[in-house]
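Hi,

Here is the structure I promised to pass on.

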Amino acid sequence: MEAKSKKAGASRLCCLCNLRRPVLKRPKTLQQICRECFYEVFEEEIHQVIVQNRLFKSGERVAIGASGGKDSTVLAYVLSELNRRHNYGLDLFLLSIDEGITGYRDDSLETVKRNEVQYGLPLQIVSYKDLYGWTMDDIVKMIGLKNNCTFCGVFRRQALDRGAALLKVDKLVTGHNADDIAETVLLNILRGDIARLSRCTSITTGEDGPIPRCKPFKYTYEKEIIFYTYAYFKKLDYFSTECIYSPNAYRGFAREFIKDLERIRPRAILDIIKSGEDFRIATTTKMPEQGTCERCGYISSQKWCKACVLLEGLNRGLPKMGIGRPRGVNGDHKMETKKPGSVAKSIESKQCGSLDF
Amino acid sequence: MACNSSGCESGCYDREKDNGSKISVEDVVAGGGNQESVCVKCKCNEPMTFGDGGSEDGKFCAECFRNNVFGKFRLAVTSHAMITPSDNVLVAFSGGSSSRVALQFVHELQIKALKNYEASRDRSLPVFGVGVAFVDETAAFPALSTEMVDAIEWIRSTVSSLSPPAKDVYVVPVESVFGSDSLEARDRLVKLLDSVPDDTGKEDLLLHLKMLSLQKVASENGYNRLVVGSCTSRIASHVLSATVKGRGYSLSADIQHVDARWKVPIVLPLRDCVRLEITRLCHLDGLKTVELACRSQCGINDLVSSFVALLQEENPSRECTIVRTAAKLTPFYFNKIPETDDSNVPMATQRRLKRFNLKYDGSMTTEAFCPICNGPLNRSDSSDLDTFEEGQEADVLYAACCSSCRFQILPEDGSSLEQFSSFLPDHMISQVKHQKVDSQAHLREKIKDCLLLDDEEVV
Amino acid sequence: MQLTLEFGGGLELLCDSEKIHKVNVDLPNGAESDDFTMKHLLSWVRTNLIKERPEMFMKGDTVRPGVLVLVNDCDWELSGQLDTRIEEKDVIVFISTLHGG
């Protein structure tokens, strides 16, 4: 254990107000801080991130990607609070995706519906069934448990964009926190995805696409989000089970590593993000070629977008279409994604459940 | 977000199709049972089985295996012009397997060059010289002094077995960077290391001091290249530990084949070889190595090594993928052999160097470097320096360092920082002053158009 | 010693999906009641409450990295982690961060 931190008990009062009993040791600063000061500092820091990075403009319609999990619950609350307190002038909505996974999604949607009532934010639910004609349950019945996360990942990304388009929003906000982004940086290094590596630390992405997305929690520690949820909402009223289709075998080496790292040196999580921001990557890898999908009009660098390719496979009973080397519609392109900056990235590197950056 | 954001990898797609992974399940042989009894390369000899559980076991015969590894070494040397006939090369030898192989290969190159020299009628080109340096860390790890003494003896005998051609051996105490008075230097080293509160920082500072001591012995003894045996695996760990320490900007400087920001440029001829190959080669050729206890790591570095080992178990080509990704980061201008007086270099070599753009022009923009780790500084990191006019030495040091060294090496409070600053080797302190002067000149250059000359009038 | 233990963030799945457990913990042999620390409690929990996959809850002597521990609503990092003294009627919460949201 590194000896840098002061001994616990050296001062028994909150570092900031010096009045109240501390309840949390902030990983970011190693400060001992009381509940009230924590709420203040937590919310103020998010506000500063929003302001310094110019995430929003007054009058914008902003959809919050709400999954019912801890990040989106806190995001919904804090954003609506800051919007009110600092007069951002934003039109906020909750946007939730129903993948059609029985037992998993029903419960999380209940949480989001509760959030709708709690924060007074209008809720829009977009389902895979409506968008694509298939639920995840149907897909898994068809293709089994291999590659199902691929489908889900591609469909979810589009579903959010389409849902946002339906709502006519200007921007999407997601609850990705510092731990998530640090993990993504590491995974992109491990998988050789230099193009994603160059984009994944941007606080706003997709400005040249249909709907830009931003991550106000980019510098917020997961531990603090959880503490905020617990302390503020008094109970763990957020949805927290594993997606039932995600296999147990590969338990996330990178996440485990990050947690081990956080234990020895909490600021390492922000250091990883800083490294990601500072990597010298030629800008040519950043700009993808944009066209539109012939079938559905979504943006795509190929003739058909990924979702359409996958759907074609499902509908034709050829579930492997679009997985691995491209065959079928776009099969003329022999090599998979060797073009710098191609949007159709190696599909194997998509993570289940993670909103694509 | 909705489900475990990292949990799905293995079940959902064919892992083997990962970017860069070329190994399919059948290739990883568990012991014998191989139907092929012929080397896959030459198709005639019987393949070697190392039985170490590593990948690609039982595929190559001994000769093809050795040629493969040596081939990678030689390709690295020639394509980056690492060693030319007029060079004097110092090999950093730690006793470990990578540097042992580096030493062996450099020796073999030297023998071949000697043979060519003796066979040729034109004796104008000298054969490059080779020396061997070992850094003695006893001052930092006093408990290991006996082990160190044995190791040194073993190193001397190993090197003397590699002659002709004879090679000088330099045993460099790491405290030599502080000066020649060994007692005072030792004392200063211990005080310096003790003033670093962070374990990982302490370990990294010692590494920087080791490099400084190697540079010192190389330049004092007329060497113009320093060969370091870092292999792919070592570099993969470095990529991750640098990332985790917030050193993303300077990372690309550390992992190229050539690192010429030092007085004596460093070359990495084994950069494209993985540790497994190197250990197997040592086993095959009976190259003995010695593992010193001070090599064990702590803190962050240890965590990263364990992590990489875990990843390797899961996918044996992971190290290569990590290095390949990092290799796509833009290197710096000094990651090439520098321009020098070319009079001793044969015309053919000069032409090749120019043609492949292997040299950098020293007059190009210079980066500012951190005085402790010598990492190039991101402009945003170094902007503080300009605000310190006649500051305390310690404050100036703080402003001159990269954010990673500031956090993990420099002590927190003012008086400890003053003390720490006083213990630093003179070379590092002069770096700080040098940088400050540079930065003022740089600033002046930027604003000169706005400066009024004495005889201009204010409008 | 009467204690209330809460599990969240997915950890409840390891304890028969029960989030809240009101328990009566026997003190280790010969120990005084003011000698009872988190270290003892963790080992008790592992033996008596964790019904499956204990490696998701603990790693060695302590909780797995990524598990937030609150003792009476206070981060246990403030009270010495494993050395935190546990008293009658204390409420201890374990929240795992290793899941999505």
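Predicted model: local features only at pLDDT ≥ 70, side-chain atom pairs only at ≥ 80, totals over all residues.

Residues are numbered from 1 along each chain as its sequence is written, with chains lettered from A and ligands numbered from 1 in the order in which they are written. When I say helix (H or I, at least four residues) or strand (E, at least two), I mean a DSSP run, numbered from the N terminus.

Chain A

The bridge above belongs to strand 6 (residues 171–173) and strand 8 (residues 213–214) of chain A, which pair in the parallel sense over two bridges. Strands count as paired here if DSSP finds at least two bridges between them. Both belong to an open sheet of six strands in chain A, with the order 5-4-3-6-8-7 and mixed pairing. At its edges are strand 5 (123–127) and strand 7 (204–205) of chain A, each pairing on one side only.

Two helices lie across that part of the chain. Helix 2 of chain A lies across strand 3 (61–65), strand 4 (91–98) and strand 6, and runs at about 155 degrees to strand 3 of chain A. Helix 6 (residues 148–166) of chain A lies across strand 3, strand 4, strand 5 and strand 6, at about 140 degrees to strand 4 of chain A. Angles run from 0 to 180 degrees between N-to-C directions, and axes are lines fitted to C-alpha atoms, for helices over the stretch in contact; contact means C-beta atoms, placed from the backbone, within 7 Å.

Helix 2 of chain A (residues 70–85) has 16 residues and spans 22 Å from first C-alpha to last, close to the 22 Å expected at 1.5 Å a residue. That expectation is 1.5 Å times one less than the number of residues. The buried residues of helix 2 of chain A include A:Val74, A:Leu75, A:Tyr77 and A:Leu79, but also A:Lys70 and A:Asp71. Buried means 20 or more other C-beta atoms within 10 Å of the residue's own, exposed means 12 or fewer, and partly exposed is in between, with C-beta atoms placed from the backbone. After helix 2 of chain A comes A:Asn87, with a positive phi near 50 degrees.

Chain B

Chain B holds 17 helices and eight strands, and 44% of its 459 residues are buried. Of the contacts in chain B with a separation of 6 or more, 72% are between residues 24 or more positions apart.

Helix 2 (residues 62–79) of chain B has 18 residues and reaches 26 Å, close to the 26 Å expected. B:Cys64, B:Phe65, B:Val69 and B:Phe73 are buried in helix 2 of chain B, and its buried residues pack against helix 3 and helix 9 of chain B. B:Ala81 follows helix 2 of chain B, with a positive phi near 50 degrees.

How do helix 3 (residues 97–119) and helix 9 (residues 275–285) of chain B pack? Their angle is about 65 degrees, with the axes 9 Å apart. On one side, B:Ser97, B:Ser98, B:Arg100 and B:Val101 of helix 3 meet B:Ile278, B:Thr279, B:Leu281 and B:Cys282 of helix 9 in chain B.

Worth a look too: the peptide bond between B:Ser163 and B:Pro164 is cis, with omega about 5 degrees, and so is the one between B:Pro164 and B:Pro165, at about -5 degrees. B:Pro164 sits in the loop between helix 4 (145–160) and strand 3 (168–173) of chain B. B:Lys43 is not a glycine but has a positive phi of about 60 degrees; B:Lys43 counts as exposed because it has 10 C-beta neighbours inside 10 Å.

Chain C

Chain C has an open sheet of five strands, order 2-1-7-5-6, with mixed pairing. Strand 2 (20–24) and strand 6 (74–75) of chain C each have a single partner strand, so one side of each is left without a neighbour in the sheet. Strand 1 (residues 2–8) and strand 7 (residues 91–96) of chain C run parallel, joined by five bridges, and C:Glu6 has C:Val93 as its bridge partner in strand 7.

Cheers
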